[in-house]
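Reader: Could we go through this structure together? I would like the terms set out before the details.

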Amino acid sequence: MNLDISLVPYGKISYVIPFLTRYLNESESWALGRANIDDIVRFALTGQMQLWAVCDQDTNETHGFVMTEIKQYPQKKMFVIQYCAMTPNHMKHVEDKMHDTANMFALNMGCDGIEFFGRPGWEPHVKKRGYTVKTVVYEKHFDNINMERAA
């Protein structure tokens with residue numbers, strides 16, 4: 001297995017999307033109603049976010065994607081990893097390349113750092129690369145409660 005991650009050129013996005021459907025579905029479910037597949041694809045097609053594909057260089061098989069955004073805060077510009085989904089157990093084959101690529105891209109774009117939200121399981125993988133846990137996100141979803149109140 002020879003996995004690599006690369007930025008999908010704008011003109012190739014519509015060609016690559018069908019190969020990512022399985023992973024886009026995963027991202028939609030993890031987004032918990034914040035974004036659906038159409039939204040995620042639109043982010044890439046409008047240039048709001050950058051689409052990265054994880055492919056096996058030997059077989060040309062697609063094994064996942066990463067969607068990033070350059071976010072300008074009032075005092076800093078950050079490279080934000082917004083969505084990431086991959087074939088199970090394949091991260092270990094591309095993890096080093098992924099982090100190196102993200103670092104270089106962020107630096108080349110003039111970003112002050114990299115940020116992302118992730119499950120607690122990410123912590124050991126990112127701590128060894130200099131990341132620190134700064135925020136824990138607590139969330140509560142009302143789902144049908146508001147609908148019942150509105151009725």
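Author: I shall begin with burial: a residue is buried under 20% relative accessible area, exposed over 50%, and partly exposed in between, using a 1.4 Å probe and protein chains only. At 6% relative accessibility, Ala35 therefore counts as buried.

Reader: What kind of model is it, and how is it numbered?

Author: This is a predicted model, in which local features need pLDDT of at least 70 and side-chain atom pairs count only at pLDDT 80 or more, while totals for chains, interfaces and linings use all residues. Residues are numbered from 1 along each chain as its sequence is written, and side-chain values use heavy atoms, with hydrogens and water left out.

Reader: How many helices and strands does the chain have?

Author: There are six helices and five strands in the chain. Helices (H or I, at least four residues) and strands (E, at least two) are DSSP runs, numbered from the N terminus. Along the sequence the pattern reads β-α-α-α-β-β-β-α-β-α-α.

Reader: And what share of the chain counts as buried?

Author: Of its 151 residues, 38% count as buried.

Reader: Back to Ala35, where does it lie, and what is it in contact with?

Author: Ala35 lies in the loop between H2 and H3. With neighbours within four places in sequence left aside, Ala35 is in contact with Glu28, Ile40 and Tyr83; contact means heavy atoms within 4.5 Å.

Reader: Which residues does Tyr83 touch?

Author: Not counting residues up to four places away in sequence, Tyr83 touches Ser27, Ala35, Ile40, Phe43, Met49, Phe65, Val66 and Met67. Ser27, in helix H2, is buried, with a relative accessible area of 3%.

Reader: Which residues have the most contacts inside the largest nonpolar core?

Author: That core has 21 residues, and those with the most contacts inside it are Leu20, Leu24, Ile40, Leu51, Phe65, Met67 and Tyr83. The elements that give two or more residues to this core are helices H1 (13-16), H2 (21-30) and H3 (37-45) and strands S2 (50-56), S3 (62-72) and S4 (77-86). H3 gives the most, with five residues. A nonpolar core is a set of buried Ala, Val, Leu, Ile, Met, Phe, Trp, Tyr and Cys residues joined through side-chain atoms within 4.5 Å.

Reader: Switching topic, where does Met98 lie, and is it buried or exposed?

Author: Met98 lies in helix H4 (residues 91-108). Met98 is buried, its relative accessible area being 11%. Leaving aside neighbours within four places in sequence, Met98 is in contact with Ile5, Val66, Cys84, Met86 and Met91. Met98 and Trp52 are 46 residues apart in sequence and 9.7 Å apart in space, C-alpha to C-alpha.

Reader: Which residues lie nearest the centre of the second largest pocket?

Author: Of the 14 residues that line this pocket, Tyr15, Val16, Cys55, Asn60 and Thr62 lie nearest its centre. On a 1 Å grid over the protein atoms alone, a pocket is an open set of points where a 1.4 Å probe fits, with protein on both sides within 12 Å along at least five of seven lines; lining residues have an atom within 4 Å of a point. S2 provides the largest share of the lining, three residues.

Reader: Are Cys55 and Cys111 buried or exposed, and how many disulfides are there?

Author: Cys55 counts as buried at 18% relative accessibility, and Cys111 counts as buried at 9%. A search of the whole structure finds zero disulfides, a disulfide being a pair of cysteine sulfur atoms within 2.5 Å.
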